[in-house]
Amino acid sequence: MDSIPTSLIVLNGKGAGNDLLRSAVNLLREEGVILHVRVTWEKGDATRFVNEAVTLGVETVIAGGGDGTINEVATALSHVDESVRPTLGIVPLGTANDFATSTGIPDQLDNALKLAIAGHAVPIDLVEVNSEAAFINMATGGFGTRITTETPEKLKAALGGASYLLHGLLRMDTLQPDRCEIRGENFHWQGDALVIGFGNGRQAGGGQQLCPDALINDGQLRVRIFTGDELLPALFTTLTRPDDSPNIVDGISSWFEITSPHEMTFNLDGEPLSGEHFRLEVKPGALMCRLPPDCPLLR
């Protein structure tokens, strides 16, 4: 199959024993597809494997895992010289799979793998944060971020995305807003924020549509702020009837700056980043990614 691109899959160690994926890989190899498999064990492995993929000259690097694995692979690819940068493919194996779900990547692992290897490649945006980190889907801050970072692994394995909501209900006693100021192009807001979502993609936290109008190839970043007035009613309304909530502030810009008098933590596709100042800047068309032809996040 000379027409099928050579690929390397960076597989999160938690998914290494997935029998369905193993069968799909073996079947494609029997059909003549060249597919290298690498399994991550610790932070930094994904970057090392991306560099190995460049040395091997593969056309596609596939992120096999959840949003955190996709983030690691996408960030590593963005640091590769454009002239030799492989295309990004995605096989969803995580707890929430927010980016894969919102882009319409199949749940069936064999179909997802075929798309990741031979699907049509399109340019997508990446968002750089403080020139030291990046995200491809969403950056979230506030109470929701604390919940997703604190949810036990066993609970996530048992309940999937619903584990975040359950753990959040159990931790309502910790519900506190973050005081901050956010600026962008023709955008300025300051006050108490319960939840903040900066969306290149649309959903986070196991299916919450924080930025429902976001596109991943328009050079723009959406922000949605759930303000912290009357905390419990605001949380209930924003989770159940977001379109009716008076506690929502929306904005759009190619960059945003956040400043806070205290330390805040943002979750960048599963990777936490803490500080008192953040600058988020869209890098238009930074990566090529194999996505379904009817992907709802493409304009």
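Me: Which helices and strands each supply at least two residues of the lining of the second largest pocket?
Reply: Helix 2 (45-56), helix 3 (67-78), strand 6 (133-135) and strand 15 (271-290) do. Keep in mind that this is a predicted model.

Me: Which of them gives the largest share?
Reply: Helix 3 does, with four residues of the lining.

Me: How many residues line that pocket, and which lie nearest its centre?
Reply: The second largest pocket is lined by 16 residues. Nearest the centre are Lys-43, Asn-71, Glu-72, Thr-75 and Glu-271.

Me: What volume does it have?
Reply: The second largest pocket has a volume of about 300 Å³.

Me: What classes of residue are in the lining?
Reply: Seven are nonpolar, five are polar and four are charged.

Me: Which domains does the lining draw on?
Reply: Domain 1 (7-119) and domain 2 (135-285) each give at least three residues to the lining of the second largest pocket.

Me: Now cavities. How many of 30 Å³ or more are there?
Reply: The structure holds one. About 30 Å³ of space lies in the largest cavity.

Me: Which residues line it?
Reply: The lining of the largest cavity is Val-129, Ala-139, Phe-198, Ile-258, Phe-266, Leu-268, Leu-273, Phe-278 and Leu-280. By class, that makes nine nonpolar residues, no polar ones and no charged ones.

Me: Which strands each supply at least two of the lining residues?
Reply: Strand 14 and strand 15 do that for the largest cavity. Strand 15 also supplies at least two residues to the lining of the second largest pocket.

Me: Back up a bit. How many helices and strands does the protein have?
Reply: Nine helices and 15 strands.

Me: And what share of the residues is buried?
Reply: Of the 299 residues, 52% count as buried. The protein exposes about 13,700 Å², and carbon and sulfur atoms supply 50% of that area.

Me: Let's pick helix 5. Which of its residues are buried?
Reply: Helix 5 covers residues 109-118, and the buried ones are Leu-109, Ala-112, Leu-113, Leu-115, Ala-116 and Ile-117.

Me: What do those pack against?
Reply: The buried residues of helix 5 pack against helix 1 (19-30) and several strands. The strands are strand 1 (7-11), strand 2 (35-39), strand 3 (60-65), strand 4 (87-92) and strand 15.

Me: What about Lys-114, where does it lie?
Reply: Lys-114 is in helix 5 too. Its relative accessibility is 45%, so Lys-114 counts as partly exposed.

Me: What does Lys-114 touch, leaving out residues up to four places away in sequence?
Reply: Leu-28 and Gly-119. Leu-28 is 86 residues from Lys-114 along the chain, yet their C-alpha atoms are separated by 8.5 Å.

Me: Where does Asn-186 lie?
Reply: Asn-186 lies in the loop between strand 8 (178-184) and strand 9 (187-199).

Me: Is Asn-186 buried or exposed?
Reply: Asn-186 counts as exposed, because its relative accessibility is 87% and the cut-off for exposed is over 50%.

Me: What is phi for Asp-269?
Reply: Asp-269 has a positive phi of about 55°, although it is not a glycine. Asp-269 lies in the loop between strand 14 (255-268) and strand 15.

Me: Is Asp-269 buried or exposed?
Reply: Asp-269 is at 6% relative accessibility, so Asp-269 counts as buried.

Methods
Residues numbered from 1 in each chain as written. Predicted model: local features only at pLDDT ≥ 70, side-chain atom pairs only at ≥ 80, totals over all residues. Heavy atoms only, no water. 1 Å grid on protein atoms, 1.4 Å probe; cavity = no way out; pocket = protein on both sides within 12 Å on 5 of 7 lines; lining within 4 Å. Points joined across faces, edges and corners; volume = space filled by probe spheres on them. Nonpolar A, V, L, I, M, F, W, Y, C, P; charged D, E, K, R; others polar. Domains from an automatic or database assignment. Buried < 20%, exposed > 50% of the residue type's maximum accessible area, 1.4 Å probe, protein only. Areas by Shrake-Rupley, 256 points an atom, 1.4 Å probe, with all protein chains shown as cover. Contact = heavy atoms within 4.5 Å.
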